[in-house]
Amino acid sequence: MEKIETIICHWEDKRITDIAIYSLHRFYPRLSVRIINDPLITDHGSRLDKGFRESKSEFILTLDNDMFVVGEKIIEKLYDEIIKDKKIYGVGLYMTTTNNRRFYGFIHPMFALYRRKIVVNENVSFKAIAKPNKIRGLNEFATGEKLGYGLGKKGYKGIHFNINPYLVHLSELKGWGPYG
């Protein structure tokens, strides 16, 4: 685990971020965590970009501050997948989207393991491609799509891993631990 650093982008409620870290440290008490809490950076993608630039770790685990780890051995499983091929930039929930009517996929950073050097050296960004829209707002769920699109064009690939058995989202928790 010394090759891995966790990045969490803090938003609004410190208690939620603390619970996300607590849930991670229940299974990985020695895992390094970097909290990105910069009020001048207002979008998730740019905060992740900052964390990747600041880190020196070989691998970065991203964890949304409203996602909670509830299962063991998830990081080991992600790590086993990412080291299979040097062209794998990330392992996690694989999502698809479209850009100019061409479909492509990307790893969503809600909980994923990335090769930091690929992300930093290839000069790609986690910022969403989606533009703000008066009716539907900014598609925040597309964080990471620009990164996946850019790396895919350069021959890198993201690998899907079913994270669902290992995580729960804040919206699913009722009466759990210090939050309930």
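Arg 34 forms a salt bridge with Glu 54, the closest N and O atoms being 3.3 Å apart; a salt bridge here is a side-chain nitrogen of Lys or Arg within 4 Å of a carboxyl oxygen of Asp or Glu. Because Arg 34 lies in strand S2 and Glu 54 in helix H2, the pair ties together parts that are 20 residues apart in sequence. Helices (H or I, at least four residues) and strands (E, at least two) are DSSP runs, numbered from the N terminus. Arg 34 counts as partly exposed at 23% relative accessibility, and Glu 54 is likewise partly exposed, with a relative accessible area of 34%; buried means under 20% relative accessible area, exposed over 50%, and partly exposed in between (1.4 Å probe, protein chains only).

## About the model

This is a predicted model, in which local features need pLDDT of at least 70 and side-chain atom pairs count only at pLDDT 80 or more, while totals for chains, interfaces and linings use all residues. Residues are numbered from 1 along each chain as its sequence is written, and side-chain values use heavy atoms, with hydrogens and water left out.

## The chain as a whole

The secondary structure of the chain comes to five helices and eight strands, and from the N terminus on these elements run β-α-β-α-β-β-α-β-β-α-α-β-β. Of the 180 residues in the chain, 49% are buried. The chain exposes about 9900 Å², of which carbon and sulfur atoms supply 51%; accessible areas come from the Shrake-Rupley method with a 1.4 Å probe, and for residues only the protein chains shown count as cover.

Among contacts in the chain with a separation of 6 or more, 73% are between residues 24 or more positions apart, where contact means heavy atoms within 4.5 Å.

## Further salt bridges

The count of salt bridges comes to eight. In one of them the side chains of Lys 50 and Asp 38 meet, at 3.0 Å from N to O, and this pair links distant parts of the chain, with Lys 50 in helix H2 and Asp 38 in the loop between S2 and H2, 12 residues apart. Lys 50 counts as partly exposed at 21% relative accessibility, whereas Asp 38, at 16%, counts as buried. Both residues belong to a network of salt bridges that links Glu 5, Arg 34, Asp 38, Lys 50 and Glu 54.

Another salt bridge joins the side chains of Glu 81 and Lys 84, at 2.9 Å from N to O. Here Glu 81 is partly exposed, with a relative accessible area of 22%, and Lys 84 counts as exposed at 60% relative accessibility.

## Helix H1 and what covers it

Helix H1 takes in residues 14-27, and at 1.5 Å a residue its 14 residues should span 20 Å, which agrees with the 21 Å between its end C-alpha atoms; the expected span is 1.5 Å times one less than the number of residues in the helix. In H1, the residues Ile 16, Thr 17, Ile 19, Ala 20, Ile 21, Ser 23 and Leu 24 are buried. An α-helix has 3.6 residues a turn, so residues three or four places apart point the same way.

What covers the buried residues of H1 includes the strands S1 (4-9), S2 (32-36), S3 (59-63) and S4 (67-69), together with helix H3 (74-82).

Asp 49 has its place in helix H2, which takes in residues 44-54. Apart from its neighbours within four places in sequence, Asp 49 is in contact with Val 124, Ser 125, Phe 126 and Lys 127.

Ser 125 lies in the loop between helix H4 (116-121) and H5, and at 14% relative accessibility Ser 125 counts as buried. A polar atom of the Ser 125 side chain lies 3.0 Å from the backbone nitrogen of Lys 127. Leaving aside neighbours within four places in sequence, Ser 125 is in contact with Asp 49, Lys 146 and Leu 147.

Asn 121, in helix H4, is exposed, with a relative accessible area of 59%. Asn 121 and Arg 53 are 68 residues apart in sequence and 9.7 Å apart in space, C-alpha to C-alpha.

In helix H5 (residues 145-153), the buried residues include Glu 145, Leu 147, Gly 148, Gly 150 and Leu 151. H5 is followed by Gly 155, whose phi is positive, near 95°.

Note on methods:
Polar contact = N/O pair within 3.5 Å; in protein donor to acceptor, adjacent residues only side chain to side chain.
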